[in-house]
Amino acid sequence: MLEINELEKIMEQHTERLIRLAFYYVRDLQCAEDIVQDVFIKFYDHQQNYEERGELRAYLSKLVTNKSKDYLRSWTYRKIQVQQKIFAKQAVIRRDMLVQQDEQALIENAILALPLKQREVLIYFYFEELPVAEIAELLSIPESTVKTRLRRGRELLKPKLQHIEWEVLLHE
């Protein structure tokens, strides 16, 4: 059973990265923070279900990914999307501070505009620096599918990032 101070250390190590990961899915900082908070609560309450088979980082990432996907399928998310379309002129869009501080904000915004399948493999591969095999295991898809999604994602990014010299697109 984890002690509170051990949980605090885990949270200090992983919170920022997990918020960023959730943000890549839901595109809303507050929702991303809520998702990560829910994941840590679930992790603490159900820690007996965690088997020390792999890396804690991958386990927490999987929990955040699943929770983010659940949110994207939820009625709440769909209702918010409809409201934003109706009241788009009145809404004040708050930019994510983590992404703005990142020197690659333009690249990240282009990636955020990609379809979810291409977006998630690009995020795991380039920003989380996971190998293809781990991405395949994390998403429960074949390695060849991961490679195809990476290639298609880069193809979709090329026209959007013509004016930016991102080494990933230069060495194709």
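The protein has 10 helices and 0 strands, where helices are DSSP runs of H or I with at least four residues, strands are E runs of at least two, and numbering starts at the N terminus. Read from the N terminus, the order of elements is α-α-α-α-α-α-α-α-α-α. This is a predicted model, in which local features need pLDDT of at least 70, side-chain atom pairs count only at pLDDT 80 or more, and totals for chains, interfaces and linings use all residues. Residues are numbered from 1 along each chain as its sequence is written, and side-chain values use heavy atoms, with hydrogens and water left out.

**Burial and contacts**

Of the 172 residues of the protein, 41% are buried. Buried means under 20% relative accessible area, exposed means over 50%, and partly exposed lies in between (1.4 Å probe, protein chains only). A contact means heavy atoms within 4.5 Å. Among contacts between residues at least 6 apart in sequence, 64% join residues at least 24 apart.

Glu108 belongs to helix α6 (residues 105–112). Glu108 has a relative accessible area of 0% and is therefore buried.

**Salt bridges**

Side chains of opposite charge can pair when their charged atoms come close. The whole structure contains 8 salt bridges, each defined as a side-chain nitrogen of Lys or Arg within 4 Å of a carboxyl oxygen of Asp or Glu. The table lists some of them.

| Pair | N to O distance |
|---|---|
| Arg20 and Glu16 | 3.8 Å |
| Asp38 and Lys67 | 3.9 Å |
| Arg73 and Asp70 | 2.6 Å |

Arg20 and Glu16 both sit in helix α1 (residues 4–26), 4 residues apart, about one turn of the helix. Arg20 counts as buried because its relative accessible area is 17%.

The side chains of Asp38 and Lys67 also form a salt bridge. Asp38 is in helix α2 (residues 29–45) and Lys67 is in helix α3 (residues 56–73), so this pair ties together parts that are 29 residues apart in sequence. Asp38 is partly exposed at a relative accessible area of 35%, and Lys67 is partly exposed at 34%.

Arg73 and Asp70 are 3 residues apart in helix α3, so about one helical turn separates them. Arg73 has 53% relative accessibility and is therefore exposed. Asp70, with a relative accessible area of 41%, is partly exposed.

A network of salt bridges links Arg17, Arg57 and Glu128.

**Aromatic pairs**

There are 2 aromatic pairs in the count. Rings of Phe, Tyr and Trp (its six-membered ring) pair if their centres lie within 6.5 Å; planes under 30 degrees apart count as stacked, over 60 as edge-to-face and the rest as tilted. Phe125 and Tyr126 form an edge-to-face pair, with 4.9 Å centre to centre and 90° between the planes. Phe125 is partly exposed because its relative accessibility is 27%. Tyr126, at 21% relative accessibility, also counts as partly exposed.
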